[in-house]
Amino acid sequence: MNRVLNEETGISNRMVNTDDQPTMCLQLRRRSLRLAPILPVGAMAVVMSLAAAFGPAQLMAADGTPGDSVPAGSPATAEQDKPDSQLPYGYTPPSVIPPGASSDEEWVVQFGDGGKRATDNARRDFLSVFNRGNFESAEDRENFEKYIQWRLSQFTLRKYLTANPQQQQIGSMRSKWLRDVDRARKAGPTIFQAYVDTLVRETPKLFKYHMVARLNAAVLLAELNETPAEGNKPAVPLLAVTEPLLDFLGQQNQLGVVRVPAVRGLARVIRDGQPPEKIRDDIITAFVNELQNGDPKNDALATTIAEELGRLGIVNGSDRTPVVVNALTKTLADKKRGYRSRSEAAAALGRLSLDNTINVRLIAFEIAALAQEMATAFEKEATEAQKNELNPNYVAWKKPFFNLYTAFKGDKRVNIERGHGLSNKDGLNGATKQTVNAAYGQVLPLILSILVEKPIEPKDQDAILQWLEANKPPSRKVHDSFKEIISDDQSQAPGTLSSATASNTEANN
């Protein structure tokens with residue numbers, strides 16, 4: 001995975017396999033590589049929990065609670081392995097579905113008596129507009145928009161959530177939508193604009209129905225394009241999706257993992273859409289607000305935001321202060337959060353352009369403190385495993401520890417040349433560089449122990465504890481524009497072990 005790490009430590013790629021689950025992304029992205037990936041691996045246990053609760057492997061009670069599940073460890077059925085499955089086979093569902101996170105309602109749209117003939121006639125009229133490339137009357141436009149509403153409403157029908165021959169219908173709907181967007185583009189500017197305008201206006205209505213509808217709606221909006229990919233040039237996302245995705249991201253009653261596709265789509269707007277400065281600032285503000293004010297249990301969401309902020313490389317917000325650095329450092333130091341989001345925040349900070357106006361010494365100290373904290377949590381887990389005659393689950397911890405390595409050293413040669421990794425920042429003063437290098441020296445033995453799957457040496461734990469005690473930063477401000485990153489009332493409880501392993505769905509929703 002990392003040639004530089006190999007050269008420096010002799011660790012092989014196989015030892016640094018950061019996936020603690022099989023390759024497992026939602027069917028929501030199987031047909032599209034444009035959003036890569038829709039959900040981080042750490043979120044997948046949660047999403048698969050929801051898939052088990054709402055997908056074809058499990059029926060739902062009328063109140064939205066899970067019914068009898070497929071036994072844990074059961075292989076996926078042939079139906080679920082098909083490319084158009086709505087969601088893949090999942091894990092044990094969350095024990096409690098929060099209020100507002102699900103619904104047993106359906107969005108009912110029908111033509112005439114609701115029979116097949118009336119629906120077929122509506123589809124014929126819809127396709128005739130595509131073929132003509134224009135609307136001949138206001139009735140044409142009305143029927144066109146109603147047909148789009150009808151198709152969206154199919155996402156909400158609970159008959160598609162049961163284990164019947166139609167169980168893949170929901171999964172195939174989104175693929176058909178995206179194909180029809182391309183058809184609308186070829187039909188001409190009038191039809192294309194009418195089509196995407198109606199989609200952007202009507203799709204958010206799905207956010208109040210069941211989980212599969214919400215997930216598909218978010219990903220559909222996130223994948224809408226103004227122009228398709230061409231050669232090495234990426235597709236240009238539709239800027240109009242920004243407002244509904246921002247609104248959805250801000251809905252705190254939604255499970256965090258369901259809002260992950262909104263984060264991916266909004267980041268893509270910045271990365272590939274060349275949006276106006278205000279749209280860019282609005283997106284960054286939303287990301288920062290979620291990190292600073294969102295529920296810390298939404299670990300999958302925070303992990304994705306941190307990852308995307310690191311990829312975007314944006315430091316300042318609309319007020320031209322380094323709000324992104326401040327938010328990521330607060331996430332890194334926040335012991336209420338899980339290790340996935342905190343370590344991803346560390347990796348993101350390593351990707352940003354930091355200068356001497358930023359308290360990089362504080363960032364290096366907090367990364368070292370997180371490494372020590374994770375090592376302690378790992379040892380606790382390993383001790384419990386040994387009591388039960390089990391091997392420690394090294395694999396689940398590799399990604400968080402590897403994130404700390406990339407925070408200091410970067411992840412690829414090309415990115416190292418761009419200054420990724422705290423050790424590779426040009427222009428930092430001597431005292432800061434000394435602290436960064438010293439922190440890395442303390443963290444590296446812990447990282448290597450996890451990557452090569454050997455017990456952490458007590459001497460390495462003692463050494464980093466002594467270093468942390470002797471090198472407390474004189475200031476806990478990331479920048480002069482902000483207050484100290486940890487308030488007096490912030491929890492000092494250690495980060496949850498289950499947040500690192502993504503085994504506690506309620507801590508990662």
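## Burial, contacts and helix packing in a predicted model

Q: Which residues touch the most other members of the largest nonpolar core?
A: In this predicted model, the largest nonpolar core holds 128 residues, and those that touch the most other members are Phe-144, Tyr-195, Leu-224, Phe-287 and Leu-328. Helix α16, residues 360–387, supplies the largest share of this core, with 15 residues.

Q: What makes Leu-224 a point of contact between stretches of the chain, once its neighbours within four places in sequence are left aside?
A: With those neighbours left aside, Leu-224 is in contact with Leu-178, Val-181, Leu-199, Val-200, Pro-237, Leu-238, Val-241 and Arg-268. Contact here requires heavy atoms within 4.5 Å, and each of these partners is listed as being in contact with Leu-224.

Q: Why does Gln-372 count as buried?
A: Gln-372 has a relative accessible area of 14%, and because the limit for buried is under 20%, that value places Gln-372 in the buried class. Gln-372 lies in helix α16, and, apart from neighbours within four places in sequence, its contacts are with Leu-446, Gln-461, Ile-464, Leu-465 and Leu-468.

Q: How do you know that the span of α11 agrees with what its number of residues should give?
A: At 1.5 Å a residue the 18 residues of α11 should span 26 Å, and the end C-alpha atoms are 25 Å apart, so the two values agree. Helix α11 is also mostly covered, with 16 of its 18 residues buried.

Q: How does the reach of helix α13 (residues 299–312) from its first C-alpha to its last stand against the expected value?
A: Helix α13 has 14 residues and reaches 20 Å, close to the 20 Å expected at 1.5 Å a residue. Of those 14 residues, 13 are buried, and α13 is accordingly described as mostly covered. The residue that follows α13 is Gly-313, with a positive phi near 70°.

Q: What is noted about the phi of Gln-274, and why does Gln-274 count as exposed?
A: Gln-274 has a positive phi of about 45° although it is not a glycine. This residue follows α11 and belongs to the loop between α11 and α12. Its relative accessibility is 73%, and because exposed means over 50%, Gln-274 falls in the exposed class.

Q: Why is Glu-453 called partly exposed?
A: Glu-453 has a relative accessible area of 40%, and because buried is under 20% and exposed is over 50%, this value falls in between and gives the label partly exposed. Glu-453 sits in the loop between α19 (430–451) and α20 (458–470), and its phi is near 60°, a positive value in a residue other than glycine.

Q: How are two packed helices described, and what values apply to α11 and α12?
A: Two packed helices are described by the angle between their axes and the distance between the axes. For helix α11 (residues 256–273) and helix α12 (residues 277–293), the axes come within 10 Å and cross at roughly 145°, and the crossing is left-handed. On the α11 side the contact is made by Arg-259, Val-263, Leu-266, Ala-267, Val-269 and Ile-270, and on the α12 side by Ile-279, Arg-280, Ile-283, Ile-284, Phe-287 and Glu-290. By class, these are nine nonpolar, no polar and three charged residues.

Q: Where do the axes of α14 and α15 stand relative to each other, and which residues make the contact?
A: The axes of helix α14 (residues 323–333) and helix α15 (residues 339–351) come within 7 Å and cross at roughly 145°, in a left-handed crossing. Helix α14 contributes Val-325, Leu-328, Thr-329, Thr-331, Leu-332 and Ala-333, while α15 contributes Ser-341, Arg-342, Ala-345, Ala-346, Ala-348 and Leu-349. The residues of this contact divide into eight nonpolar, three polar and one charged.

Q: What share of the protein chain counts as buried?
A: Of its 509 residues, 56% count as buried, and the secondary structure comes to 21 helices and two strands. Among contacts between residues at least 6 apart in sequence, 73% join residues at least 24 apart.

Notes: Residues numbered from 1 in each chain as written. Predicted model: local features only at pLDDT ≥ 70, side-chain atom pairs only at ≥ 80, totals over all residues. Heavy atoms only, no water. Axes fitted to C-alpha atoms, helices over the stretch in contact; angles between N-to-C directions. Helix = DSSP H or I, 4+ residues; strand = E, 2+ residues; numbered from the N terminus. Left-handed = near helix turned anticlockwise from the far one by under 90°. Nonpolar A, V, L, I, M, F, W, Y, C, P; charged D, E, K, R; others polar. Core = buried A, V, L, I, M, F, W, Y, C linked by side-chain atoms within 4.5 Å. Buried < 20%, exposed > 50% of the residue type's maximum accessible area, 1.4 Å probe, protein only. Expected span 1.5 Å × (residues − 1).
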